[in-house]
Amino acid sequence: MDFSNYTILISDDSILARKQLKDVINSLGDGATFIDASNGQEAIDKYRESRPTMAFLDIVMPVKDGIEAVKGIISEDPDADIIIVSSVGTQAQLKAAIEAGAKDFIQKPVNRSQVEAIIEKHLP
């Protein structure tokens with residue numbers, strides 16, 4: 001796949017988790033521009049600055065959690081394509097993230113087939 005026209009925000013307090021997701025996306029295609037955020041407030045700020053094509057957010061993060069980040073991003077861009085990526089997501093947290101405006105969910109640890117399905121479903 002050609003991702004040269006896509007900017008992807010990845011927000012997770014784990015550098016390793018961000019790298020793993022980038023590696024999986026890069027295994028599917030070339031050219032994506034990545035923006036990193038290590039907490040929910042940083043995700044909101046970087047989203048505002050760059051308006052990425054898609055955003056992947058962890059739920060459990062410092063400063064603001066993923067649900068608060070979803071709310072903040074959606075308040076600025078109601079059509080934002082936000083995917084929650086979390087290992088600790090309870091049903092209540094996932095429901096809250098979807099109600100806040102997240103479009104989909106991936107369970108950690110991420111695998112290639114999950115990410116590929118999400119990208120095919122959500123990228124134009």
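Let me start with Asp-36, which, at 23% relative accessibility, counts as partly exposed, where partly exposed is the range between buried, under 20% relative accessible area, and exposed, over 50%, with a 1.4 Å probe and protein chains only. Please keep in mind that this is a predicted model, in which local features need pLDDT of at least 70 and side-chain atom pairs count only at pLDDT 80 or more, while totals for chains, interfaces and linings use all residues. Residues are numbered from 1 along each chain as its sequence is written, and side-chain values use heavy atoms, with hydrogens and water left out.

Which residues form salt bridges with Asp-36? One of them is Arg-18, whose closest N atom and the corresponding O atom of Asp-36 are 3.3 Å apart, a salt bridge being a side-chain nitrogen of Lys or Arg within 4 Å of a carboxyl oxygen of Asp or Glu. Because Arg-18 lies in helix α1 and Asp-36 in strand β2, this pair ties together parts that are 18 residues apart in sequence. Arg-18 itself counts as buried, at 8% relative accessibility. Lys-22 also forms a salt bridge with Asp-36, and there the closest N and O atoms are 2.9 Å apart. That pair again links distant parts of the chain, with Lys-22 in helix α1 and Asp-36 in strand β2, 14 residues apart. Helices and strands here are DSSP runs, numbered from the N terminus, with helices being H or I of at least four residues and strands being E of at least two.

Strand β1, residues 7–11, is joined to β2, residues 33–37, by five bridges, and the two run parallel; strands are taken to pair if DSSP finds at least two bridges between them. The chain passes from β1 through helix α1, residues 15–28, to β2, and this β-α-β crossover is right-handed, meaning that, with the strands pointing away from the viewer, the path from the first strand over the helix to the second runs clockwise. On β1 there are also four bridges to strand β3, residues 54–57, which again run parallel, and Leu-9 has Ala-55 in β3 as its bridge partner. Strand β1 is mostly covered, with four of its five residues buried.

Turning to helix α4, residues 91–100, where Leu-94, Ala-97 and Ala-100 are buried, we find that they lie on the same side of α4 because they cover an arc of only 125° around the axis, the arc being that of the directions from the helix axis to the C-beta atoms. The buried residues of α4 pack against α3, β4 and β5, with contact meaning heavy atoms within 4.5 Å. On the other side of α4, Gln-91, Ala-92, Lys-95 and Glu-99 are exposed. Gly-101 follows the helix, and its phi is positive, near 130°.

Finally, how many salt bridges does the structure hold? There are 13, and among them is the one between Arg-112 and Glu-116, with the closest N and O atoms 3.9 Å apart. Asp-12, Asp-58 and Lys-108, for their part, are linked in a network of salt bridges.
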